[in-house]
Each structure stands twice: as structure tokens, then as C-alpha cells.
Amino acid sequence: PECAPCAEGTFTNVNGTSSCTACPAGYYQGRNGSTSCVECASGKYSATTGSVLCDDCYGGSYAKNASTGCYKCKAGRYSNTSAAHCSDCESGKYSTTGSSFCEHCVAGKYASERGKDSCSKCSAGKFSLAGSSTCSDCVGGTYSSNGAGSCQPCEGGKYSKADSSSCSTCDAGFYSDSAADSCESCQPGTYSNNGE
């Protein structure tokens, strides 16, 4: 009788052997009669011995060559399917552990650097739109509290300078329209009490 070829997932590299050896985890062999096994490429893995192919890592994970499993991306990073490594989230975005994509920071929050695992609140007197890497100052005549996605106008009889967390009341003898950055003095023949 003839010698039988080693089956897929096994190999032998010795003359006169009576059996074939299963490819170790992290390797595979998809052909019969092989004298060696092939490493799983980066982004792929084989968890068991005797594999005939390697499986793809799922999105949010990665693997180096000859891996026996995939590793989750750390928070602030992400990956697509079959990734050899994870990439940092861009500024204005964030991610949690094992993410296949990065989320935009919501309005009122920001991420100033790449690779963030959360977004920070804008301070009072500032605001941000969704996906922002910085906060912008409220203009004069408007104000905001912590974590604002927009600035609110001051009501008539009040005013504010840029970057304000509240509006100030006009002094007696002065007035303002809504969204004013200063108060005007009353003209002769007119008057105003505080905040009117």
C-alpha cells in the first residue's frame, strides 16, 4: 500500500512517520499532504489545533500574526473587521472598549485630542455643537451654563459680555433690548428702574 497524505489541518516534516501532527492554534493548513502549517495573518486567528482556515477578528478587536484569539480595542480606539491594530478616535469623537466605530461628542461636550474614551463638558459661558473638538465663547448679549449646546439671549433690561454664564441687570437710568452686550442711557424725558 501507498503512504497516505496528511489531511487538511495537519502536517509532517519527518521521513518515515506513522502519523501527522495537528497544526497548532494560531496556524492553519488548507491543503492535504503538507510539510508545514501557515501562520494566521494579522487580523485573523485560529483558536484550536488542526485548523484548516483562520477566522476574521470582529470589528472592535485586532490580532497580530499567528494569534489564537482577538483582543478588544481599548476605550478611545476602534477597528474594522480583520484588523491588525486599533486606531485612535479623531478629536471630537470617543469610544468605549471593543468599539468598531467612534461616537460624536454630543452638543455641549468636546474631545480636544485623539483617542479619548469620553467627552468633557463645555464650561459656563461656552458652547459646542455635536462632534466638536473645542468649545466656543458665547458672544456678547448671550450666556450659557455648563455643558450647553447653544447660548441663550439675555432678556430686555439685561446684558452680558462675551463668555458669560449669566446676564447682568442694567442700572437705573439705563435700558437694553434683548441680546444686548451693553445698556444704553435713557434719553431726556425718559426713565428706567433697575432691569426695565
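In these legends, contact means heavy atoms within 4.5 Å. The model shown is predicted.

**Figure 1. Ala83 and the residues around it.**
Ala83 sits in the loop between E9 and E10. With 10% relative accessibility, Ala83 counts as buried, because buried means under 20% relative accessible area. Which residues is Ala83 in contact with, leaving aside its neighbours within four places in sequence? They are Gly43, Ser61, Tyr62 and Ala63. Take Ser61 from that list: Ser61 and Ala83 are 22 residues apart in sequence, yet their C-alpha atoms are 7.0 Å apart in space.

**Figure 2. The whole chain, as a guide to the close-ups.**
Before going on, here is the setting. The protein chain has 22 strands and 0 helices. Its C-alpha trace spans about 120 × 15 × 15 Å along the principal axes. The radius of gyration of the protein chain is 33 Å, whereas a compact globule of 196 residues would have one near 16 Å. Among the 196 residues, 29% count as buried. Of the contacts with a separation of 6 or more, 27% are between residues 24 or more positions apart. The accessible surface of the protein chain comes to about 11,400 Å², and carbon and sulfur atoms account for 46% of that surface.

**Figure 3. The disulfide of Cys73 and Cys86.**
How many disulfides does the structure hold? There are 11, and this view shows one of them, between Cys73 and Cys86, with sulfur atoms 2.0 Å apart. The torsion about the S-S bond of Cys73 and Cys86 is about -80 degrees, so this disulfide is left-handed. Cys73 lies in the loop between strand E8 (71-72) and strand E9 (77-78), while Cys86 lies in the loop between E9 and strand E10 (87-88), so the pair ties together parts that are 13 residues apart in sequence. Are Cys73 and Cys86 buried or exposed? Both are buried.

**Figure 4. The disulfide of Cys138 and Cys151.**
The link of Cys138 and Cys151 is left-handed, with -85 degrees about the S-S bond. Because Cys138 is in the loop between strand E16 (136-137) and strand E17 (142-143) and Cys151 is in the loop between E17 and strand E18 (152-153), the pair ties together parts 13 residues apart in sequence. Cys138 has 1% relative accessibility and so counts as buried.

**Figure 5. The disulfide of Cys154 and Cys167.**
A disulfide joins Cys154 to Cys167, with 2.0 Å from S to S. The link of Cys154 and Cys167 has -85 degrees about the S-S bond and is left-handed. Where do the two partners sit? Cys154 is in the loop between E18 and strand E19 (158-159), and Cys167 is in the loop between E19 and strand E20 (168-169), so this pair ties together parts that are 13 residues apart in sequence. Cys154 and Cys167 are both buried.

**Figure 6. Two cysteines, Cys3 and Cys186.**
Cys3 is in no disulfide, and the nearest cysteine sulfur, that of Cys20, is 10 Å away. Cys3 is exposed, with a relative accessible area of 77%. For Cys186, the closest cysteine sulfur is in Cys170, at 9.1 Å, which is too far for a bond. Cys186 is buried, since its relative accessible area is 19%.

Most residues other than glycine have a negative phi. Ala66 has a positive phi, near 55 degrees. Ala66 is in the loop between strand E7 (61-62) and E8, and it is partly exposed, with a relative accessible area of 23%. Ser82 has a positive phi as well, near 60 degrees. Ser82 lies in the loop between E9 and E10 and is partly exposed, with a relative accessible area of 29%.

**Figure 7. Ser145 and its contacts.**
To finish, here is a serine in the loop between E17 and E18, Ser145. Leaving aside neighbours within four places in sequence, Ser145 is in contact with Ser123, Ala124 and Lys126. Ser145 and Gly60 are 85 residues apart in sequence, and their C-alpha atoms are 36 Å apart in space.

Technical notes:
Residues are numbered from 1 along each chain as its sequence is written. This is a predicted model: local features need pLDDT of at least 70, side-chain atom pairs count only at pLDDT 80 or more; totals for chains, interfaces and linings use all residues. Side-chain values use heavy atoms; hydrogens and water are left out. A disulfide is a pair of cysteine sulfur atoms within 2.5 Å. Helices (H or I, at least four residues) and strands (E, at least two) are DSSP runs, numbered from the N terminus. Buried means under 20% relative accessible area, exposed over 50%, partly exposed in between (1.4 Å probe, protein chains only). The radius of gyration is taken over C-alpha atoms; the globule rule is 2.2 Å times the number of residues to the power 0.38. Accessible areas come from the Shrake-Rupley method with a 1.4 Å probe; for residues, only the protein chains shown count as cover.
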